[in-house]
Amino acid sequence: MNPTVSAESYFSGMSQNLKTVAIFHQPAASAQPLLHLNTEMDETIIPYDVNEGQIESWLTALETVGAMTSPIYWLLLIRLNEVALLCAGNYVNNCEFSAAGDLLVNPREILVHSKDARPPVRKWRHGRLSDQFRVNGHSRRFTIETFKNKYQLEITRPPLLPYLLGSLKDSGRVAGAYLAHVNRRMRQITDAIGFLTSWQIFNAADLHRRTLSATPETRSFISSHLCRFDNRIFLQAGNAVQCMDIDLTCPCDLLIPTR
């Protein structure tokens, strides 16, 4: 079976008896949260109705289930990774570079540990350490030197995209071709940010004005450097989840076949 076809096409090729089984199939209790999460993602308009908080909420729900032996678990993690990529690409296309950077490079949480054993302090997500920890009118340079001698940083929650990619790599269940695809898209995101900022485009209004006054050739050139991501893999993984709800041996080229 071609793993990229829809679940509906897959079902249409089954025997009538198997269709009847599918109709009355009830998922195991352990699979129900996974299937619920799959449905919830299907019912969300991606990427417009999601943000980092929503992706993190879905990730927490998935990791709470902890069904890592199920291929459906890894397909859902792939779907979450695709949501994060689509969301970051959409941010870049709208010149929301800070939001894209949060998904790509900015840790979700950093704790600042004092060497005198005081309770750790959470670093501001956005902003400089020298601003957060400067006291008594000291200079920024003095604050930085003092900080290096008295404090240590601990990344407790890395940015979502590197975290998701690391989890997919470490799983041993995800196809190398998909991991390469993720790396390409992450490079596209950083390249697009670099392209836009090098053109002195820092917000959506700047981009609109620049494309409006550009020649067709220049407009096409700008468009080619943006993140024109599609949701093909997001849909493919969702269809595979539906197929595996009926038959866990349903093949999917996003995963490494189990022996």
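Which residues are linked with R128 in a network of salt bridges? Let's look at the close-ups. This is a predicted model, in which local features need pLDDT of at least 70 and side-chain atom pairs count only at pLDDT 80 or more, while totals for chains, interfaces and linings use all residues. Residues are numbered from 1 along each chain as its sequence is written, and side-chain values use heavy atoms, with hydrogens and water left out.

**View 1. A network of salt bridges links R128, D131, R134 and R140.** A salt bridge here is a side-chain nitrogen of Lys or Arg within 4 Å of a carboxyl oxygen of Asp or Glu. By this rule, the model has 14 salt bridges.

**View 2. D131 meets R134 and R140.** The side chain of D131 pairs with that of R134 at 3.7 Å, N to O. D131 also forms a salt bridge with R140, where the closest N and O atoms are 2.8 Å apart. Relative accessibility is 31% for D131, 35% for R134 and 28% for R140; each counts as partly exposed (buried is under 20% relative accessible area, exposed over 50%, partly exposed in between, with a 1.4 Å probe and protein chains only).

**View 3. D230 and R185 form a salt bridge.** Their side chains meet at 3.8 Å, N to O. D230 sits in the loop between α12 (216-224) and α13 (232-246), and R185 in helix α10 (residues 176-198), so the pair ties together parts 45 residues apart in sequence. Helices are DSSP runs (H or I, at least four residues), numbered from the N terminus. D230 is partly exposed at 39% relative accessibility, whereas R185 is buried at 8%.

Technical notes
Helices (H or I, at least four residues) and strands (E, at least two) are DSSP runs, numbered from the N terminus.
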